[in-house]
Structures are given as C-alpha cells and as structure tokens.
Amino acid sequence: MNQIPTSASSTAGLRIAVVSASWHRDIVERAHEGINTELARQGLDPAATLVHFAVPGAFEIPLHAKKLAESGRFDAVVACGLIVNGGIYRHEFVTSAVIDGLMRVQLDTGVPVFSAVLTPRDFHDHEEHRSFFAAHFVKKGEEVASACLATLRGLRQLQALTQ
C-alpha cells in the first residue's frame with residue numbers, strides 16, 4: 001500500500017490563498033498565526049506559500065474563494081471567519097450559506113477549499129469569550145493548515161497514480 005508523502009518536498013512550490021473576514025478581525029486573524037506555525041513546522045516558508053485576502057464579512061468569503069480557485073494561481077484556498085449569533089435567524093442563514101458555498105467552490109473548481117470559519121453557538125463580546133476564541137483560532141489555524149497540506153499531498157499522490 002502506498003503512503004502519502006509527508007516531506008516538505010511533496011508540498012514544494014505550493015501557493016495557498018487565505019481569505020479572512022474582517023468582522024472580529026483581531027480574533028479571526030489569529031488563525032494566520034496558527035497557519036504560519038504549522039506550515040513552518042512542516043518545512044514550508046509561510047511568506048512564500050501564503051497570499052492573504054481580506055473581505056468585509058464571512059458572507060463574502062465564498063465568492064472570493066471561487067475567483068481565487070478559478071484563477072489557476074492557487075493550489076488551495078483557506079477561509080477564516082467568525083459568524084456569531086446575534087439573536088436572530090441570520091446566524092444560521094449566514095453559516096449555511098458560507099459553508100455550503102465553500103463546498104460548492106471546491107466541487108465546482110477541483111481546488112481544495114478549507115474552512116476555519118467558526119460558528120459558535122454562543123459568543124458574547126466580553127474579554128473571556130474574546131480571549132477564548134482568539135486562542136481557539138490559533139489552534140484552528142494549525143489544524144486547517146495541517147489538513148490542507150495532507151490533502152494536497154494526497155491529491156499529488158492521486159495525480160501521480162493516474163498519469
């Protein structure tokens with residue numbers, strides 16, 4: 001049975017677009033720290049691998065992800081956002097639209113799309129929650145970067161097997 005290569009050489013030359021919502025920017029951009037840390041841990045230079053794009057809110061992420069995927073310049077797209085419950089149904093609507101949109105982009109373009117768009121049931125704008133979610137976004141950044149690299153390695157292996 002073939003193993004998925006895990007060396008940095010199996011991910012050499014990757015270009016990853018990161019699209020981040022600006023709503024709660026100070027929390028959401030903490031995911032960038034985690035992404036950078038994980039890429040470096042796996043032997044990649046984040047500055048050479050990542051291109052960051054900011055959008056106003058989470059609802060705008062799928063269209064940007066689609067345009068970036070269709071550009072042919074990126075091997076993957078990572079989405080980062082925080083969709084909070086404002087006490088009305090809009091929270092569920094936005095969450096569903098964003099997550100469904102990201103999956104559609106991935107399936108329509110063949111470019112992997114990863115989500116670090118968090119949709120907590122409860123978020124209150126006070127220091128305890130802000131601190132918790134800021135730290136949580138760092139962890140989610142690490143996890144999404146790890147999943148991204150593993151998927152891209154796997155896709156490269158599939159491509160090599162089918163040629």
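Student: Which residue of β4 is the bridge partner of glycine 81?

Tutor: In general, strands of a sheet pair through backbone hydrogen bonds, either parallel or antiparallel. Here the partner of glycine 81 is valine 117 in β4, and valine 78 stands opposite phenylalanine 114 of that strand. Six bridges join β3 and β4 in the parallel sense; two strands count as paired if DSSP finds at least two bridges between them. Strands (E, at least two residues) and helices (H or I, at least four) are DSSP runs, numbered from the N terminus. Please note that this is a predicted model, in which local features need pLDDT of at least 70 and side-chain atom pairs count only at pLDDT 80 or more, while totals for chains, interfaces and linings use all residues. Residues are numbered from 1 along each chain as its sequence is written, and side-chain values use heavy atoms, with hydrogens and water left out.

Student: What is the order of the strands in the open sheet?

Tutor: The order is β2-β1-β3-β4, four strands with parallel pairing. β2 and β4 (113-118) stand at the edges with a single partner strand each, so one side of each has no neighbour in the sheet. From one strand to the next, the twist averages 15°; axes are lines fitted to C-alpha atoms, for helices over the stretch in contact, and angles run from 0 to 180 degrees between N-to-C directions. Helix α5 (residues 90-109) packs on the sheet and touches β3 and β4, where contact means heavy atoms within 4.5 Å. The direction of α5 makes about 170° with that of β4.

Student: How many of the six residues of β4 are buried?

Tutor: A residue is buried under 20% relative accessible area, exposed over 50%, and partly exposed in between (1.4 Å probe, protein chains only). Five of the six residues of β4 are buried, so the strand is largely enclosed by the rest of the structure. Across the chain, buried residues make up 44% of the 163 residues.

Student: Which residues of α4 are buried?

Tutor: They are Ile61, Pro62, Ala65, Leu68 and Ala69. These residues cover an arc of only 125° around the axis, which puts them on the same side of α4; the arc is that of the directions from the helix axis to the C-beta atoms. Their cover includes β1 (16-21), β2, β3, α5 and β4. The face of α4 turned away from this buried side carries the exposed residues Leu63 and Lys67. Just after α4, glycine 72 takes a positive phi of about 75°.

Student: How many aromatic pairs does the structure hold?

Tutor: Rings of Phe, Tyr and Trp (its six-membered ring) pair if their centres lie within 6.5 Å; planes under 30 degrees apart count as stacked, over 60 as edge-to-face and the rest as tilted. The structure holds two such pairs. One of them, phenylalanine 53 with phenylalanine 74, is edge-to-face, at 6.1 Å centre to centre and 85° between the planes. Phenylalanine 53 lies in strand β2 (residues 50-55) and phenylalanine 74 in the loop between α4 (61-70) and β3 (76-82), so the pair ties together parts that are 21 residues apart in sequence. Phenylalanine 53 is partly exposed, at a relative accessible area of 27%, whereas phenylalanine 74 is buried, at 6%.

Student: Where is alanine 150 placed?

Tutor: Alanine 150 is in helix α6 (residues 127-161). At 38% relative accessibility, alanine 150 counts as partly exposed.
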